[in-house]
Amino acid sequence: MTTTEISRSVLTLRPDFATIAAWIKPGSSVLDLGCGDGTLLHYLGNKLDVRGYGVEISAHNILACMQKGINVIHSDLESGLSGFENASFDYVILSQTLQAMKNTENIIQEILRVGKEGIVSFPNFGYWKNRLQVAAGHMPVSSNLPYQWYDTPNIHLCTLHDFEQLCQKHKVNILERRVMNHDKKVAFFPNLFGILAFYRFGHAA
Amino acid sequence: MQDSDSIGIVSARRVHFDTPLSLKSRAVLDSYELVYETYGELNPERSNAILVCHALSGNHHVAGVYADNPKNTGWWNNMIGPGKPIDTRKFFVIGINNLGGCHGSTGPISINNRTGKRYGPDFPLVTTSDWAKTYVRFADQFGIDCFAAIIGGSLGGMSAMQLALDAPERVRHVAVIAASARLTAQNIAFNDVARQAILTDPDFHGGDYYSHGTHPRRGLRLARMLGHITYLSDDSMASKFGRELRNGSLAFNYDVEFQIESYLHYQGDKFADLFDANTYLLMTKALDYFDPAQDYDGNLSAAFARAQADFLVLSFTSDWRFSPERSREIVKALLDNKLNVSYAEIPSTYGHDSFLMQDDYYHQLVRAYMDNISI
């Protein structure tokens with residue numbers, strides 16, 4: 001990718017990344033778990049002077065990050081974040097990966113061990129179209145959940161309410177919530193009309 | 001196969017140093033020579049120099065071929081050249097035979113000016129720290145204030161880390177491949193068996209075999225055979241040799257029967273003809289002694305506090321001599337110091353030797369990293 005191509009891709013940052021980026025203070029340090037091709041970190045580094053590392057397990061994504069000049073660490077999130085010290089980052093981000101993890105509870109705890117704050121996004125299973133498909137007798141398939149039940153990597157889907165219950169259980173202090181329907185904010189019945197959920201959280205006060 | 005992007009014909013040069021070099025062992029070398037090769041052009045800013053450090057049995061002949069010996073291809077020719085991952089159109093690449101080596105730099109087979117005889121056992125043990133000093137002096141000779149990068153696999157990766165620790169202002173990027181921050185007990189044990197094979201060879205004569213007109217060939221051969229086993233993986237040996245017999249049936253004697261035996265003997269013989277036993281001993285000790293955390297109560301993160309460079313760390317899944325776990329320890333120390341670092345574990349079946357092999361993903365990673373180095 002050339003420099004021009006990269007800067008163009010930065011200008012058209014995906015709406016879900018833009019939501020996360022809006023929460024990040026300039027000059028802070030970020031650990032992006034499951035960072036994909038490094039687009040978010042690349043944006044944060046260029047626009048907000050953020051210092052950070054991505055964590056990835058896919059060879060394809062690790063290479064893409066390195067081609068962008070992003071720090072990327074090959075590691076399996078399922079085995080935790082033992083390579084990272086306590087409170088070593090301002091933010092630890094887990095973007096649309098939570099629902100595909102086996103060790104869901106462990107990763108939430110690890111995020112708050114390593115980061116001062118955590119930022120998590122996931123597809124809201126409570127979205128009305130999902131509910132409709134279940135009511136019609138089928139597992140939901142949509143642009144945000146584009147898999148059949150037999151080939152989906154999403155093994156731990158949840159609704160906004162479910163996630164907030166888990167936070168309560170682990171004494172996770174939700175600082176901010178943003179619910180999106182494509183590029184629109186959802187304020188009215190978010191657990192019904194929201195497609196993607198974003199949470200910024202910290203330790204219990 | 002014709003290698004269209006090879007650097008082509010290269011030649012070795014040598015540089016003499018007259019300033020005495022104080023070694024970690026407290027011995028002093030009054031003067032010494034280093035033999036080296038370079039590929040590509042040093043730019044006017046002298047900001048595009050890359051130093052490639054060799055492993056235990058490597059040398060300065062990193063890429064290209066010699067005019068009088070076109071079959072003698074550099075040991076990392078697949079990685080370095082015009083258009084290759086370490087691109088000589090961008091970088092000025094330097095290979096140095098380490099001090100103590102046996103390919104032209106001052107070492108045990110060199111003549112000691114004080115005695116007029118070969119050093120032999122009198123050549124002091126040298127460490128990665130001593131090499132780092134020689135790299136800095138070498139850079140001074142070329143007016144290179146700061147290497148764009150220092151790169152090495154195995155012992156070469158340790159030498160690269162050592163420079164980043166001992167002279168942090170002299171290197172901007174470090175690529176540490178299939179290396180370790182310290183050898184494990186098992187790893188030192190392998191080195192000890194290799195050394196014992198040489199030291200107990202009746203032809204060794206306390207290291208002064210030159211004046212006896214002998215060479216501890218049997219010991220060196222065994223040392224290399226043992227080493228070679230540990231550089232491969234169980235799987236790669238199984239797929240390459242399996243239990244295949246040379247002559248199709250068992251002979252019920254102790255001659256060479258299995259193909260793996262034949263291969264190991266060939267490797268051992270070839271090596272014993274080309275390498276010096278004292279240098280082999282010295283290089284294994286340099287491996288054993290490398291332990292930057294030693295002065296910091298074993299705390300590797302504290303040891304890396306003085307490093308400033310950006311790092312690339314690579315390991316190979318089938319490498320059990322320098323396993324991915326060892327590389328992760330290095331990465332942890334770099335992360336603890338908030339240094340820029342990328343780390344990848346490369347799927348491979350070739351064991352420790354993977355770092356010398358042509359592999360698409362491996363080479364793409366190195367290329368990506370090198371492309372992002374500004375000069």
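The model is predicted: local features need pLDDT of at least 70, side-chain atom pairs count only at pLDDT 80 or more, and totals for chains, interfaces and linings use all residues. Residues are numbered from 1 along each chain as its sequence is written, and side-chain values use heavy atoms, with hydrogens and water left out.

Phe163(A) is also among the residues that touch the most other members of the largest nonpolar core, which has 109 residues; Leu33(A), Leu99(B), Tyr280(B) and Phe311(B) are the others. Such a core is a set of buried Ala, Val, Leu, Ile, Met, Phe, Trp, Tyr and Cys residues joined through side-chain atoms within 4.5 Å, buried being under 20% relative accessible area (1.4 Å probe, protein chains only). A second, separate core of 60 residues includes Met66(A), Val10(B), Ile50(B) and Tyr362(B).

## Interface of chains A and B

The interface brings 19 residues of chain A into contact with 19 residues of chain B. About 1,600 Å² is buried between the chains, 57% of it on carbon and sulfur atoms; this is the accessible area (1.4 Å probe) lost on being put together, summed over both parts. On the chain A side, Leu63(A), Met66(A) and His74(A) lose the most area to chain B, together 35% of what that side buries.

## Salt bridge

One salt bridge (a side-chain nitrogen of Lys or Arg within 4 Å of a carboxyl oxygen of Asp or Glu) is found across the interface. The side chains of Glu85(A) and Lys332(B) meet in a salt bridge at 2.5 Å, N to O.

Note on methods
Chains lettered and ligands numbered in written order. Contact = heavy atoms within 4.5 Å. Buried area = accessible area lost by both parts, 1.4 Å probe. Buried < 20%, exposed > 50% of the residue type's maximum accessible area, 1.4 Å probe, protein only.
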